[in-house]
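This report is meant for a reader who is meeting the structure for the first time. It begins with one residue and its surroundings, and then moves on to other parts of the chain.

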Amino acid sequence: MASEKPTGHSNIKSDDRLAGMSHSEVHYFNSYNHHGIHEEMLKDEVRTRSYRDAIYNNKHIFKDKVVLDVGCGTSILSMFAVKAGAKHVIGVDMSTIILKAREIVEQNGMSDKITLLQGKMEEVELPFPEVDIIISEWMGYFLLYESMLDTVLWARDRYLRKDGQGLIFPDKATIFMAGIEDGDYKDEKIGFWDSVYGFDYTPLKLTALTEPLVDTVDLKAVVTDPCAVLTLDLYTCTAADLAFALPFNMSVRRTDYIHALIAWFDIEFSACHKPVRFSTGPHTKYTHWKQTVFYLSDVLTVEAGEKVTGQLACKPSEGNRRDLDVVIDYKLETEEVKRSAEGHCAYKMC
């Protein structure tokens, strides 16, 4: 597995609009100034085609509507909406990529249909008092890491029409978990610190265990059935719902070892005539979100039919709300005392 630590890009540049923000917020917004991250997202066919299909296949929904694109980036979703017949689209983004987005919109002859505003969603003034539809690609690693969901919810409460007819694309998200066998890779990433050129580096081993990895996981490594932990309905959820502590219950598929728990998310556009869904799990096509791997301090020896139960807790970090503090409590339910195990692991995604 080719791993990467979930982090943004660097090269922080000064910008008057960023004055007064914390260093972490500046870092976040500047990470989207660089075309590389947009190239990766646009080339993610699962992501981009799902949005395109949800919009193009539902032109009756978008026809003559006012649309708000939260975190518009290069404005691909805004242009999809215009192609689907939207009366006008407002795209909002804090990063300087919006300057290129304006050129792209003009190049495609849509400047009269798309208004692009640079600034924080909570601070810009829209040219319309309300909108019919909100579209946004707000998801981060582990769904919520560096995500803009709280901003989307703010835009929903402030601008989405209040007669119950306003729509959000997408509108549902579910986090799943499963257990995996990953002994060789865990030894490479975690066990490495036991002896580094003959020296005991276990203090860094403890640090390594607290940092989740964003990896592509082979489906063959999955030992348990998937378990849905959290489902968010964007019409009703609040920012408070983004901090949660929820149970999980995973059934073991085969006799094997569990070295880590992984998490991924599924997305749904349920307002469509024919619902559009996509998954970021190990069972489906590659997405740039990959899966998030949480290594356990223990190695669980499991047999088919047993259960791994516990609780997944997640909340924004106090120092930076875009970072996450994650805690996993787990227990192997087995009749064999020698194989019984339970543990408590704390992680930080930053």
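Predicted model: local features only at pLDDT ≥ 70, side-chain atom pairs only at ≥ 80, totals over all residues.

The largest nonpolar core itself has 94 residues, and Phe 248 belongs to the group that touches the most other members, together with Phe 62, Leu 68, Leu 126, Phe 142, Leu 143 and Ile 328.

## The chain as a whole

The protein chain contains nine helices and 15 strands, and of its 350 residues 53% count as buried. When contacts with a separation of 6 or more are considered, 73% of them are accounted for by residues 24 or more positions apart.

Val 70 lies in strand β1 and is buried, its relative accessible area being 1%. Not counting residues up to four places away in sequence, Val 70 touches Val 92, Met 121, Ile 134, Ile 135, Ser 136, Glu 137, Met 148, Thr 151, Val 152 and Ala 155. One of these, Met 121, is 51 residues away along the chain, and the C-alpha atoms of Val 70 and Met 121 are separated by 7.3 Å.

Helix α7 spans residues 149-159, and its buried residues are Leu 149, Thr 151, Val 152, Leu 153, Ala 155, Arg 156 and Tyr 159. The cover over these buried residues includes β1 (66-70), β4 (133-136), β5 (167-169) and β8 (227-233). In an α-helix there are 3.6 residues a turn, so residues three or four places apart point the same way.

Cys 314 has its place in strand β13, where it is buried with a relative accessible area of 3%. Leaving aside neighbours within four places in sequence, Cys 314 is in contact with Phe 142, Leu 242, Ala 243, Phe 244, Leu 324, Asp 325 and Val 326. Between Cys 314 and Val 326 the separation is 12 residues in sequence, while in space it is 4.5 Å, C-alpha to C-alpha.

Ser 317 is found in the loop between β13 (307-316) and β14 (324-333). Why does Ser 317 count as buried? The reason is that its relative accessibility is 8%, and buried means under 20% relative accessible area. The contacts of Ser 317, leaving aside neighbours within four places in sequence, are with Asp 323, Leu 324, Asp 325 and Lys 348.

## The second largest pocket

The second largest pocket has a volume of about 210 Å³. The elements that give two or more residues to the lining of this pocket are α3 (45-56) and β11 (276-279), and α3 gives the most, with five residues.

The residues that line the second largest pocket are Glu 45, Val 46, Arg 49, Ser 50, Asp 53, Val 276, Arg 277, Phe 278, Ser 279, Thr 284, Lys 285 and Tyr 286. By class, the lining has four nonpolar, three polar and five charged residues.

Notes
Residues numbered from 1 in each chain as written. Heavy atoms only, no water. 1 Å grid on protein atoms, 1.4 Å probe; cavity = no way out; pocket = protein on both sides within 12 Å on 5 of 7 lines; lining within 4 Å. Points joined across faces, edges and corners; volume = space filled by probe spheres on them. Helix = DSSP H or I, 4+ residues; strand = E, 2+ residues; numbered from the N terminus. Nonpolar A, V, L, I, M, F, W, Y, C, P; charged D, E, K, R; others polar. Core = buried A, V, L, I, M, F, W, Y, C linked by side-chain atoms within 4.5 Å. Buried < 20%, exposed > 50% of the residue type's maximum accessible area, 1.4 Å probe, protein only. Contact = heavy atoms within 4.5 Å.
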